[in-house]
Amino acid sequence: CADCLAVEEIEGTPSGPLLHFVNAVAEDIEQEFPDTLVETLAYQYTREAPKHVKPRHNVLVRLCSIECSFAEPLTAEVNADFRRDMEAWRDISPQLFVWDYVANFPSYIMPHPNWFVLADNVHFFVDHNVRGLFEQGDGGSTVGDFVAMRAWVLAKLMWDPSRDLEALYREFLTGYYGPAAAPLRAYMDVMHEAVRRDDSFLGCFMHHTDDWLTLNDMNRATELMDQALEAVADYSDLTDRVIKARMSLDHVWLLRYHALEREARLADKPFLGPDDPIAAAEAFVANAQRFNNPQYRERMSFEHYAPQLLARFREPGEPPQAAQGLPAEDWYVISDALFSQHGPGRLVFQEDDPVASDGKSARMPGDHNEWALQYVIGQDLADMGPVHCYVDLRAEGIPDDTGDQPALHVGIYDTRDGASVMQFPVMLDQIADETFTTVDLGVQELAAGMYFWLAPAGGAEQVYLDRLYLIKAEE
């Protein structure tokens, strides 16, 4: 309303009207409950401290670090905005708490090498008069990335921030993994150096590792995990612990198997991924079930995710007509199974489809416009140079006479600069058919860090994706 916007203008941030409101509530509550604190969040749009109003003595402000990069400490330049907000809240808050994030919420089972910033961040909180700290981790997963170790180390640091981080890791690795400690410690270094190599941003909402974890990194990490397993071969309990620690690495091999195998083949590099990806995917699912893993990601059960993972390795269909006769390095097919699904079972459904090239397709209802299907461009595709892009689509619905009903949009988004590269509307009358229609998306210059996306546009009852394919453009 106008009154609240006026307060926001004076305070310079939406946290201004919020804090005026919370203070009023806290003043009333204090009459009956004088020893009770009233909590509010400095979170996303309210993260910046107000210019004038201050929290009452019985108001607890909890500052949240959800936008930060956890490849570097919160004191690093990449996190300068958060550091500025922390300093401002420190100066005005009698009760400053922090909600910090130490897991990757879109995929608990993904490498998340934030290990070496944990102590620095706890020290940062202590130095800024933080009185309470909540570290939100991946408690919903038993096979996440070093779940037990991260929780143990954080508990030790929160109890006594003066503890030496390296000594804590040495104590845990030796005590929990026994003879596998040395190769696992070396594995941590490989992952940490990989994410810091190109100043990569490691947020808590990372959907892939394509922009920081290379084929060379994967091969070296796999060698170290092999050494760790060999070191504990005579101890079944320690072997299971190493298998758990390895599952985040195995998961990357499964998610990026096709791209990494192609990169290794074309560049004549070693490929230490699984010899049989189908068997590896089945073993991965079996291990997750054996270790009673409840969640794949926040608000998604592993049971729901397992069929999606297994589907990535179904038999491919016939190559598209435009690719037939071309060298293998000049074309690439991305089936619907290789797309990341956002909102599976709600926004997107993978199901049998007798007219699809491989017998299955991804279906999106037309009652939403979310980018529910996404495919991240890896370096192997970026190295192809300019490519002609095609997508096989069909839709259900009745076109009107105007020919101006968009069934869906196909686009390319560049995460490096947060900008759209291309957005292509596909009209219902183009693809309203019982079979799939090939839609020409034109020639594009792809780069690692971009991704394709598909979203319904409201003009169709259902839209279906069979596959996207890229043909090396002629010079």
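Two strands count as paired here if DSSP finds at least two bridges between them. Keep that in mind for the views below, which all come from a predicted model.

View 1. Look for V410, which stands opposite F424 in β14. The sheet they belong to is open and has five strands, in the order β8-β11-β16-β13-β14, with antiparallel pairing. At the edges you'll find β8 (340-341) and β14 (419-427); each has a single partner strand, so one side of each has no neighbour in the sheet.

**View 2. Strand β2 sits between two parallel partners.** On one hand, β2 runs parallel to β1, and five bridges join them. On the other, four bridges join β2 to strand β3 (residues 96-101), again in parallel. Getting from β2 to β3 involves helix α3 (residues 80-92), and the three together make a right-handed β-α-β unit.

**View 3. Both faces of β2 are covered.** In a regular strand the side chains alternate between the two faces of the sheet. Here, V59, V61 and L63 lie on one side and L60, R62 and C64 on the other, and all of them are buried. That makes six buried residues out of six for β2.

**View 4. E39 and R62 reach across from strand to strand.** Side chains of opposite charge can pair when their charged atoms come close. The side chains of E39 and R62 do this in a salt bridge, at 2.6 Å from N to O. E39 is in strand β1 (residues 38-42) and R62 in strand β2 (residues 59-64), so the pair links distant parts of the chain, 23 residues apart.

**View 5. D358 and R314 join two loops.** This salt bridge has an N to O distance of 2.7 Å. D358 is in the loop between β9 (349-352) and β10 (360-365), and R314 is in the loop between α12 (302-311) and β7 (331-335), 44 residues apart. Both ends are tucked away: D358 is buried with a relative accessible area of 17%, and R314 counts as buried at 18% relative accessibility. Elsewhere, salt bridges that share partners join R47, E67, D81, R84 and D85 into one network. The structure holds 28 salt bridges.

View 6. In soluble globular proteins, nonpolar side chains tend to be buried together. The largest nonpolar core in this model has 46 residues, and F146, Y169, Y177 and Y187 touch the most other members. Several helices each supply at least two residues, including α4 (118-127), α5 (147-159) and α6 (165-177). Which helix gives the most to this core? That's α7, with eight residues. Zoom in on Y169 and you can pick out W115, F116, L118, M149, V153 and M188 among its contacts. There is also a second, separate core of 40 residues, which includes M364, A372, L373 and L468.

Technical notes. Residues are numbered from 1 along each chain as its sequence is written. This is a predicted model: local features need pLDDT of at least 70, side-chain atom pairs count only at pLDDT 80 or more; totals for chains, interfaces and linings use all residues. Side-chain values use heavy atoms; hydrogens and water are left out. A salt bridge is a side-chain nitrogen of Lys or Arg within 4 Å of a carboxyl oxygen of Asp or Glu. Buried means under 20% relative accessible area, exposed over 50%, partly exposed in between (1.4 Å probe, protein chains only). A nonpolar core is a set of buried Ala, Val, Leu, Ile, Met, Phe, Trp, Tyr and Cys residues joined through side-chain atoms within 4.5 Å. Contact means heavy atoms within 4.5 Å. A crossover is right-handed if, with the strands pointing away from the viewer, the path from the first strand over the helix to the second runs clockwise. Lists of a residue's contacts leave out its neighbours within four places in sequence.
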